[in-house]
Amino acid sequence: MSHHDKGSRQARTVTGYDDMKKIGFLSFGHWSDARGSATRSAADVLLQSIDLAVAAEEIGIDGAYYRVHHFARQLASPFPLLAAVGARTSRIEIGTGVIDMRYENPFYMVEDAGAADLISGGRLQLGISRGSPEQVIEGWRHFGYAPAEGESEADMGRRHGEVFFDLLKGEGFARPNPRPMFPNPPGLLRIEPHSAGLRDRIWWGSASNATAVWAAQQGMNLQSSTLKADETGEPFHIQQARQIRAYREAWKAAGHSRTPRVSVSRSIFAIVNDTDRAYFGRGDSSDQIGIIDDMRAVFGRSYADEPDRLIEQLRADEAIAEADTLLLTVPNQLGVDYNAHVLSSIAEHVAPALGWR
């Protein structure tokens, strides 16, 4: 199969909805020297993250996504990893969930994102957001950023996100030096390298209805995670489905020309052997309520069961039904082979019965 043929299904589906749901994995990229950990160092995590993407592509999984957490023993610097995955694969979408924009220089990030996207042949799907609770106090200050007068740290993250998203248009804005080292094209200069089409593949990670509506107005795709602001007291998946519908209504009202994409994240394990049962056969899980960054949040349940029962449980999840992309959170410390098995079990035993394959 040629590189073009491998990418053809992706090219057909990225621009609009497809009958089949896109399925990706989402890795938090933890490492520790704890007993049983297959990722004992940062090098282990980075190299295994690449290997899992290669394995996932071979299985037929649609996306390889990675979390970004600073000051933690987890994945933190996404662009070297995304570029490396892009160089080792040919079809799979490569993304983040999410990059904390409080820590980012939007101008430098446009260069990094453009380069990684070109290396991958236009397969980046970048999830960005205002960020999550941190390992350290106001860690973004150590990176050289501080909110402007009258601005909150969340405002600063959204501002950085808006600047980044605007720069991806590729329009010239910088006055050229009249005596440059190298010849310039005419007019104002833009940041290079520019990757045409990347702007349509930016997602905003949202935990509330209001920020989902904001993302739609901006023209970004929506990533809705495994937690959400508890705005109505209803079950998590019902609140999340309501959020997705509010997003789509706002998108339509904004008059954007393309069809947006929406992802949800879930922990889902099909128990098909004794190893699965040992790891995940601990009975039912349910939604949890917690306080996160002074916000009352509802956390979605995990799903772990034998395939037939799992299919029935997932059929009742309204938010999964609303989304076009499902990101499966993987226990990355259990190693590449086991996580490839987890993904293969979903693709083989669960997805076809739900019409995802």
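1. Start with Val-264: its bridge partner in β14 is Leu-326. Helices and strands here are DSSP runs (H or I of at least four residues for helices, E of at least two for strands), numbered from the N terminus. Strand β9, residues 262-266, runs parallel to β14, and the two share 4 bridges; strands count as paired if DSSP finds at least two bridges between them. This is a predicted model, where local features need pLDDT of at least 70 and side-chain atom pairs pLDDT 80 or more, while totals for chains, interfaces and linings use all residues. Residues are numbered from 1 along each chain as its sequence is written, and side-chain values use heavy atoms, with hydrogens and water left out.

2. Now β14 itself, residues 325-330: 6 of its 6 residues are buried. Buried means under 20% relative accessible area, exposed is over 50%, and partly exposed falls in between (1.4 Å probe, protein chains only). Thr-325, Leu-327 and Thr-329 point one way, Leu-326, Leu-328 and Val-330 point the other, and all are buried.

3. Have a look at Glu-93 in strand β3. Glu-93 counts as buried because its relative accessibility is 2%. Its side chain makes a polar contact with the side chain of Arg-261 at 3.0 Å. A polar contact here is a pair of N or O atoms within 3.5 Å; within protein, one must be able to donate a hydrogen and the other to accept it, and residues adjacent in sequence count only if both atoms are side-chain atoms.

4. Next, the backbone spots I'd check by eye. Most peptide bonds are trans, and most residues other than glycine have a negative phi. The bond joining Gly-97 and Val-98 is cis, with omega about 5°, and Val-98 sits in the loop between β3 (93-96) and β4 (99-100). Another cis bond runs from Glu-192 to Pro-193, omega near 0°; Pro-193 is in the loop between α6 (153-167) and β6 (202-206).

5. On to positive phi. Phe-71, not a glycine, has phi near 60° and lies in the loop between β2 (63-66) and α3 (78-88). Phe-71 is at 42% relative accessibility, so it counts as partly exposed. Glu-138 has a positive phi of about 45°, in the loop between β5 (124-129) and α5 (139-142). At 32% relative accessibility, Glu-138 is partly exposed.
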